[in-house]
Amino acid sequence: MRKAILTYALILASILSFSAAGQNVSDLIISEIMPASDSGLVDDYGRRNGWIEIYNKSQGTVNFAGCYLTDDRSDLKKCQISKTDSRTKVGPRQVALFYASGNSADGTFYIDFEIIKGMTVYLVSNDGRTVIDSLTVPSDLPCGKSAARVAHDIRQQQWDVAEGGLVPSPMVVNGQKGKTSGSEKLAHDDPHGIVLTVVSISVVFIALLVLWWLFALLGFSVGGVRKEKKASPKKGSGKMTPEVAAAIALALERELGGEVYAAIALAMHQYLNDSVHDNESFIITIRHNQSAWNHKEQGFRKSPRH
């Protein structure tokens, strides 16, 4: 019984450790901060508060319940995120938004301080001591811009602080802002699509030429059947040599016996006597009524005379 309890305890511990590893709060970063005076986002109470955006750069869901947000490096436990709200989870490559209303009693996603220019916001682990990430709002941040990190490589999760601020994009991943994509560049350089059309037709034409060359090389016809080269008959002299005649005669004798000779001799005899020849000079025929072989009387048995 003790062994079974110990086994179950080990399995439970392994599951819990795996879950903890899959929900590592160190994968969270502060991706964007918007000061209160420039915020255009309305919260649940109709107020235009500043806000803080948290991004999960991992491939697993992270539960940030119990973590802290603060604007004071000496007070890392200034505002704790609720531990009892099931919404305190952020999916892989997703964001969570907190309103800086100055009163955390407004809800789970509200914090006890407001965002002003020149301040630094800290994201602290649920142990209350480890600073996971921090982001400073520049004091000279232009009006209508947010302090943000931009992923210049969204796959490798390489982030840089946007110089001069960023156009606010709450609840949207700040991926490669300010960089022109290939499609955008093509649309700018070729607004009517002429270059794209020419390139597409050229690629198709070249592909067809390559396929035609390959089929021709492999010996396939248009219908998909492979052409077989016909063996050309060997040219001979056209003369019957004694050796060939002897071989044919030997083969006939072995297969058919002496009856063949008798039939050929009779046919040649009648042909030479002009008794069976018709008007066609190139055909030899044997008329059955001219031959005594087929007469029924030949099959009668003759009785000897007494």
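The protein has five helices and 11 strands, taken as DSSP runs (helices H or I, at least four residues; strands E, at least two) and numbered from the N terminus. This is a predicted model, in which local features need pLDDT of at least 70, side-chain atom pairs count only at pLDDT 80 or more, and totals for chains, interfaces and linings use all residues. Residues are numbered from 1 along each chain as its sequence is written, and side-chain values use heavy atoms, with hydrogens and water left out.

**Whole protein**
- Of its 306 residues, 27% count as buried (under 20% relative accessible area, 1.4 Å probe, protein chains only).
- The accessible surface comes to about 21800 Å², and carbon and sulfur atoms hold 58% of that surface (Shrake-Rupley method, 1.4 Å probe).
- Take contacts (heavy atoms within 4.5 Å) between residues at least 6 apart in sequence: 55% of them join residues at least 24 apart.

**N49**
- N49 sits in the loop between β1 (28–34) and β2 (50–56).
- N49 counts as buried because its relative accessibility is 12%.
- The N49 side chain makes a polar contact with the D43 side chain, at 2.6 Å (a pair of N or O atoms within 3.5 Å; within protein, one must be able to donate a hydrogen and the other to accept it, and residues adjacent in sequence count only if both atoms are side-chain atoms).
- Neighbours within four places in sequence aside, N49 contacts A36, S39, L41, D43, A100 and S101.

**Helix α3**
- Helix α3 covers residues 194–218, 25 residues in total.

Terms used. Buried < 20%, exposed > 50% of the residue type's maximum accessible area, 1.4 Å probe, protein only. Expected span 1.5 Å × (residues − 1).
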